Amino acid sequence: MRSSAPQVSMKMFKRVIDALNRIEEIVLVALFSAMVLIIFVQVIMRKANHSLYWSEELGKFLFVWISWLGISIAQRKGEHIKITMLTDRLPYRAAQVCNIVSDIIVILICAVTFYYGVSLVISQWTSPYAGIKISTSWGYLAVVLGCALMMLRCVGSIVESMVRLKNGKPGVEEGGMDA
């Protein structure tokens, strides 16, 4: 009799990833909405000669967070720019290996960026933004979180590529032709 423990843990893992996906999307929409609203209010206030001194800085701060959280969502949806000139010409299995190597390189780059991002978060804790009066560490934290999420997504992409390697090219029957 087979154990259902791996099946239960996979279901739980999928639920955690689904929750993470939903949280990412909600946070990204909320940050984008706040940024648009703040910039819109600033334009109105500037026309009324009552400029908000903090709005431009807060808008930039939110944009940084949107950008760094967005890299994880783009990775999940496979929407990052890739040069596929080589992989499009490779056999299916070789293309999957290239995808794995590419994801490993991205993980390494993100790991280095994550490491130095953590250093910046720690070292800049006492340095506030001039306009919004919060620590600049909060801005650098976007880099750290974005890289962590990107590494998680790349690990997921590697697992998917490995499953594709194991299962073979979709649409090919055993001993048959492409569908």
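How far apart are the mean positions of the positive and negative charges of the protein? The points below start with that and then go through the fold and some residues.

1. Charges. The protein has 18 positive and 12 negative charges, and their mean positions lie 5 Å apart. Like every value in this note, this one is computed from a predicted model.

2. Fold. The protein has four helices and zero strands. Read from the N terminus, the order of elements is α-α-α-α.

3. Overall dimensions. The radius of gyration of the protein is 22 Å, whereas a compact globule of 179 residues would have one near 16 Å. Along the principal axes, the C-alpha atoms fill a box of roughly 75 × 35 × 30 Å.

4. Surface and interior. Of the 179 residues, 29% are buried. The protein exposes about 12,700 Å², and 69% of this area is supplied by carbon and sulfur atoms.

5. Contacts along the chain. Take the contacts between residues at least 6 apart in sequence: 71% of them join residues at least 24 apart.

6. Aromatic pairs. There are three aromatic pairs in the structure. One of them joins Tyr115 and Tyr116, with ring centres 5.0 Å apart and planes at 85 degrees; the pair is edge-to-face because that angle is over 60 degrees. Are these two tyrosines buried or exposed? Tyr115 has 52% relative accessibility and so counts as exposed. Tyr116 is exposed as well, with a relative accessible area of 53%. The cut-off for exposed is over 50%.

7. The tryptophan pair. Trp125 and Trp138 also form an aromatic pair, with 5.9 Å from centre to centre and 50 degrees between the planes, and this pair is tilted. It links distant parts of the chain: Trp125 sits in the loop between helix 3 (92–123) and helix 4 (137–167), while Trp138 is in helix 4, and the two are 13 residues apart. Trp125 counts as partly exposed at 48% relative accessibility. Trp138, at 39%, counts as partly exposed too.

8. Ser137. This residue is found in helix 4. Ser137 has a relative accessible area of 1%, so it is buried. Which residues does Ser137 contact, leaving aside its neighbours within four places in sequence? They are Leu120, Val121, Gln124 and Trp125. Trp125 is the residue that pairs with Trp138.

9. Trp68. This tryptophan has its place in helix 2 (residues 55–77). Trp68 counts as partly exposed, at 27% relative accessibility. Not counting residues up to four places away in sequence, Trp68 touches Thr113, Ala142, Val143, Gly146 and Cys147. By C-alpha atoms, Trp68 is separated by 33 Å from Lys169, which is 101 residues away along the chain.

10. Gln42. Where does Gln42 lie? The residue is in helix 1 (residues 5–47). Its relative accessibility is 7%, so Gln42 counts as buried, the cut-off for buried being under 20%. Leaving aside neighbours within four places in sequence, Gln42 is in contact with Ser51, Leu52 and Ser55. Gln42 and Gly168 are 126 residues apart in sequence, and their C-alpha atoms are 55 Å apart in space.

Note on methods: Residues are numbered from 1 along each chain as its sequence is written. This is a predicted model: local features need pLDDT of at least 70, side-chain atom pairs count only at pLDDT 80 or more; totals for chains, interfaces and linings use all residues. Side-chain values use heavy atoms; hydrogens and water are left out. Rings of Phe, Tyr and Trp (its six-membered ring) pair if their centres lie within 6.5 Å; planes under 30 degrees apart count as stacked, over 60 as edge-to-face and the rest as tilted. Buried means under 20% relative accessible area, exposed over 50%, partly exposed in between (1.4 Å probe, protein chains only). The radius of gyration is taken over C-alpha atoms; the globule rule is 2.2 Å times the number of residues to the power 0.38. Contact means heavy atoms within 4.5 Å. Accessible areas come from the Shrake-Rupley method with a 1.4 Å probe; for residues, only the protein chains shown count as cover. Lys and Arg count as positive and Asp and Glu as negative; His and the chain ends are not counted. The place of a charge is taken as NZ of Lys, CZ of Arg, CG of Asp or CD of Glu.
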